[in-house]
Structures are given as C-alpha cells and as structure tokens.
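I am opening a notebook page on this chain, and I want to keep a plain record of what I looked up and what I found.

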Amino acid sequence: MADLTNDFLGVKSPNPFWLASAPPTDKEYNVRRAFEAGWGGVVWKTLGAEGPPVVNVNGPRYGAIYGADRRLLGLNNIELITDRSLETNLEEMARVKSDYPDHALIASIMVPCEEEAWAAILPRVAETGADGIELNFGCPHGMSERGMGAAVGQVPEYIEMVTRWCKKHYDRPVIVKLTPNITDIRKPATAARNGGADAVSLINTINSITSVNLDSFAPEPTIDGKGTHGGYCGPAVKPIAMSMVSEIARDPETHGLPISGIGGITTWRDAAEFMTLGCGTVQVCTAAMTYGFKIVEEMKRGLSEWMDDKGFASTSDFVGKAIPNVTDWQYLNLNYVTKARIDQDACIKCGRCYAACEDTSHQAISMSPDRVFEVEDDECVACNLCVDVCPVEECITMERLPTGSVDPRTGKRIETDYANWTTHPNNPLAPAAE
Ligand SMILES: Cc1cc2nc3c(=O)[nH]c(=O)nc-3n(C[C@H](O)[C@H](O)[C@H](O)COP(=O)(O)O)c2cc1C
Ligand code: SF4
Ligand code: SF4
C-alpha cells in the first residue's frame with residue numbers, strides 16, 4: 001500500500017483528505033468522529049469575532065440540483081459562519097488537537113477588516129494548538145454584506161493587507177481561502193502571496209440561485225416568501241475549481257505557491273486530479289454532507305491503489321504532474337487529427353449521436369433505414385459531441401489518423417510535425433504572414 005501521509009506547509013496529516021470549513025467541522029462531536037472515520041485533517045467551521053454569534057435563518061438553508069437519477073450534483077446554501085460562541089469553539093478545538101496531535105487542525109477565521117480584530121483573535125487561536133489558520137475571504141452571502149468574506153476576497157488590496165496583519169500577529173501557516181466570484185483568480189492569489197500567505201485554498205462557493213418556485217415566484221430555498229442568492233458547491237463546481245487551481249499553478253506570479261484544492265471532490269479520482277494540478281492537500285464538504293464521513297475510506301483506498309499502480313511512493317511524486325500539460329489554446333497541436341469511431345456491437349441505436357451531429361455539429365453521422373449509425377470521415381471535424389451525448393460509455397471513441405494519410409475532410413496529408421496557431425498561415429500575427 002502506498003504511503004498517504006502528507007506534509008502541507010509542515011503540517012503533517014495521515015492522508016491528504018481534509019474536511020473543508022463547513023457543517024462537517026462545526027463542532028468537537030463531528031470532528032472527533034471524522035478523525036475516527038479516517039479523515040486526515042479538518043478546517044474548523046469559520047470562527048467570528050468575540051461577542052454575540054451570528055444568527056442563521058430558521059427556515060431551509062439548502063437548495064439542490066440533481067441528475068436524472070436524483071444523485072446530488074450541486075448544493076446551494078445560505079448558511080453563515082459558526083453560530084456558536086468563540087469561547088466554545090476555541091475550547092473544543094484545543095481538546096480535539098490535544099487528543100489528535102497527528103491530525104491537521106486548521107482554524108478558519110472571518111473577522112472585520114480591521115487590524116485590531118485580527119490581532120485580538122489570533123493569539124487565542126494560537127493557544128488552541130491549531131496547526132494553522134485559513135482566512136475566509138470567500139463567504140458569498142450574509143457576511144459579505146457586512147464587509148467580510150467575499151467583500152474582502154474581491155479586492156486584492158484588502159487581501160494583501162489582511163494577510164500581512166495575520167503574518168504579523170500569528171507565527172504558524174496562513175492559508176488564504178479564495179472566492180471564485182471574481183473575474184481573474186490570479187489577482188487575489190497574487191495579492192495573498194504578496195501579503196506573505198503560505199498557501200491559498202480554493203474554491204469557496206459560487207453565487208447561485210438554484211431554482212425559482214413557479215407557484216410562489218420566489219427563489220428557493222424560500223424563507224417566508226423570499227429567497228436570496230446562496231453559495232454553490234458539490235460535483236457541479238469541480239471543473240470551475242480545477243481551472244482556477246491550474247491558473248494559479250501556472251501563473252509566473254504564483255507558480256509554486258502551495259494550494260489546497262476544494263470544489264466538488266467526491267472520489268479518490270477527483271482528489272488525484274486536483275493534486276496533479278498542484279494541490280498539496282484537498283478539502284471536501286458536499287460529498288461528506290451527502291454520503292457521510294465514511295466516504296473517506298473509499299477515497300484513501302482508491303488513491304493508494306492508484307499510486308501503487310503508477311509506482312508512486314508518496315503523494316509528492318504526483319502533485320503538480322499535470323501542470324506542464326496545461327497550456328494555452330494557441331499552443332495546441334493542429335496536426336493532431338482524429339475522427340469519431342462507432343462500435344456497432346455496443347451501439348443501442350438510440351440515435352442521440354445522429355441528432356446532435358446532424359442538428360448542431362457537422363452532419364457527419366449517417367443513419368440507415370434500419371438505424372445503423374456511421375461516421376462520414378469527410379465531414380467529421382472531430383468535435384467529440386457525439387462521444388459526449390452517447391449514453392453508452394466507450395461506444396464512440398476518437399481515433400487518431402496515422403501520419404502520412406490524408407484527412408478526407410480537408411484533403412491534406414497528416415504531418416508528423418507539431419504545428420500550432422502561432423505559426424499557422426491563417427494567423428495574421430504569425431511570423432510567415434508578416
Ligand atoms: C452549508 C455550507 C456551509 C459552509 N460554510 C463555510 C464556512 O463557514 N467557511 C468557509 O470557508 N467555507 C464554508 N463553506 C464552503 C466549503 O468549505 C467549500 O469551500 C465549498 O463547499 C466547496 O467544496 P465542496 O464542493 O466539496 O462542497 C460552506 C459550504 C456549505 C455547503
Ligand atoms: S465528432 Fe463531431 S463532427 Fe464528428 S461525428 Fe461526432 S459530432 Fe459529428
Ligand atoms: S448515441 Fe451511441 S448508442 Fe446511441 S446511436 Fe449513437 S453510437 Fe449508438
């Protein structure tokens with residue numbers, strides 16, 4: 001079995017699977033059971049400043065998007081940070097950390113954007129023995145209206161300033177949690193790094209309205225006839241999160257900045273994908289809320305078996321391994337020519353590939369009177385849409401044309417050389433076109 005023990009910023013944990021700051025990490029009772037179930041670390045539910053705790057709504061706080069089999073694909077919430085007192089949370093954190101010294105315990109914090117507020121809370125967090133802090137600059141609702149959470153995370157200057165305060169008043173790792181509700185994720189990540197952050201974590205939730213009730217004409221979840229936008233998470237947000245992670249990992253300003261990946265992670269495979277894009281640890285919320293703490297068993301087993309298969313002795317062997325293969329569109333090889341291929345034995349003759357290609361792609365699939373579907377290479381642009389809509393896995397695949405053969409669509413010989421848009425004759429900016 002591969003060794004899953006993890007070291008992120010010097011914080012050791014038995015494995016890279018951490019629970020994200022959210023209901024699963026809201027209290028001692030949960031966190032103890034999470035550690036017993038096998039989670040490597042937790043980011044405690046976000047703490048607020050001393051004083052009366054925030055108040056949550058008393059009606060429904062979640063909404064969801066489902067797949068056809070009612071599998072939960074996206075979760076929307078209007079919950080705030082912890083609604084328990086700071087004192088209670090700190091006491092519980094200290095007890096848990098002392099009983100689980102080998103597990104990672106990170107304190108998530110959101111207090112007003114004033115240095116005194118941070119200077120007041122940080123020594124108290126340090127006393128708990130927590131391994132580090134995560135700055136919640138991401139909460140998209142409720143707290144942002146009070147000048148916290150996403151209201152800070154959307155202004156890079158504020159991120160840099162607050163991170164600097166934290167580095168001044170706290171001597172353990174500082175992780176800045178980023179909001180995806182921003183145009184260019186590289187800007188806040190750069191600001192965090194400039195402020196001295198040891199790492200960034202992302203993503204927090206995405207602004208969302210999951211549904212509108214067509215009888216009451218109110219967004220759901222509905223509180224006495226009204227609704228508000230919430231934060232979206234779960235499997236649906238994974239592609240957005242991975243793209244943002246990869247941008248930070250590739251950008252010269254932030255390349256090498258440690259990343260904790262969050263967003264829709266449900267299986268070991270999701271986790272491995274985030275890690276190959278540069279994440280030294282991953283955090284999970286919705287999957288634990290949907291399936292319970294025990295899903296970590298499958299995550300650990302799956303990751304470990306995959307590592308054995310690939311010959312990876314430790315997680316550091318593959319963290320960031322996919323980054324060199326993420327590039328800009330203009331550098332993709334235009335001499336890589338493929339065509340769709342239909343496995344007639346696997347085909348169930350549903351006709352979805354035909355409808356998709358005929359109506360919205362390149363009219364490259366023919367249908368015979370007895371419903372045999374075939375690809376016409378002289379029309380196929382290899383867009384992959386038929387593969388994506390076919391209900392039978394692996395029934396349609398994309399096959400590369402051999403070099404030296406002629407693409408029947410363009411009449412051009414397939415070249416061996418790699419050639420991209422930067423040098424293409426149709427590119428007005430290409431050297432040859434000058
Ligand atoms: C109900 C709920 C409450 C959350 N509360 C917090 C919070 O207090 N602090 C925080 O940083 N993130 C909070 N989050 C965001 C999660 O930590 C995480 O960033 C997000 O859910 C994406 O991960 P996922 O797709 O695995 O759920 C919350 C998410 C949910 C669903
Ligand atoms: S790859 Fe695109 S163009 Fe080719 S057959 Fe499929 S849908 Fe049509
Ligand atoms: S979508 Fe797939 S299963 Fe359906 S007809 Fe096309 S190839 Fe066959």
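I began with the classes of residue around ligand 1, where the shell holds 13 nonpolar, 12 polar and three charged residues; Ala, Val, Leu, Ile, Met, Phe, Trp, Tyr, Cys and Pro count as nonpolar, Asp, Glu, Lys and Arg as charged, and the others, Gly among them, as polar. I note that this is a predicted model, in which local features need pLDDT of at least 70 and side-chain atom pairs count only at pLDDT 80 or more, while totals for chains, interfaces and linings use all residues. Residues are numbered from 1 along each chain as its sequence is written, and chains are lettered from A and ligands numbered from 1 in the order in which they are written.

**Ligand 1**

I then asked which of the 28 residues around ligand 1 come nearest. They are A20, T46, C233, C285 and T286, a residue being near a molecule if its C-beta atom, placed from the backbone, lies within 6 Å of it. Two or more residues of this shell come from each of β4 (41-47), β6 (72-77) and α9 (286-291); helices (H or I, at least four residues) and strands (E, at least two) are DSSP runs numbered from the N terminus.

Around ligand 2 I found 15 residues, with C357, A364, C380, C383 and C386 the closest. The elements giving two or more residues to that shell are α11 (352-360) and α12, and by class the shell divides into 12 nonpolar, three polar and no charged residues. Ligand 3 has 13 residues around it, of which C347, C350, R352, C353 and C390 come nearest; its shell has 10 nonpolar, one polar and two charged residues.

**The chain as a whole**

I recorded 12 helices and 20 strands, and a C-alpha trace spanning about 75 × 55 × 50 Å along its principal axes. The domain assignment, which is automatic or from a database, gives domain 1 (6-325) and domain 2 (329-433), and their C-alpha centres lie 40 Å apart. Of the 434 residues, 42% are buried, where buried means 20 or more other C-beta atoms within 10 Å of the residue's own, exposed means 12 or fewer, and partly exposed lies in between, with C-beta atoms placed from the backbone. Among contacts with a separation of 6 or more, 70% are between residues 24 or more positions apart, a contact being two C-beta atoms, placed from the backbone, within 7 Å.

For V200 I listed contacts beyond four places in sequence, and they are I175, V176, L178, A189, A192, I248, L257 and I259.

How far apart are the end C-alpha atoms of α7? They are 18 Å apart, which agrees with the 18 Å that its 13 residues should span at 1.5 Å a residue, the expected span being 1.5 Å times one less than the number of residues. In α7 the buried residues are K238, A241, M242, M244, V245, S246, I248 and A249, and they pack against α6 (186-194), β10, β15 (259-262), α8 (268-276) and β16 (279-284).

**Backbone checks**

I looked at two cis peptide bonds. One joins L202 and I203, with omega about 15 degrees, and I203 is in the loop between β10 (199-202) and β11 (206-208). The other joins E220 and P221, with omega about 0 degrees, and P221 is in the loop between β13 (218-220) and β14 (230-233).

I also noted positive phi values in residues other than glycine. R70 has phi near 60 degrees and lies in the loop between β5 (62-66) and β6, where it is exposed, with 8 other C-beta atoms within 10 Å. E394 has phi of about 65 degrees, sits in the loop between α12 (385-389) and β20 (396-400), and counts as exposed with 9 C-beta neighbours inside 10 Å.
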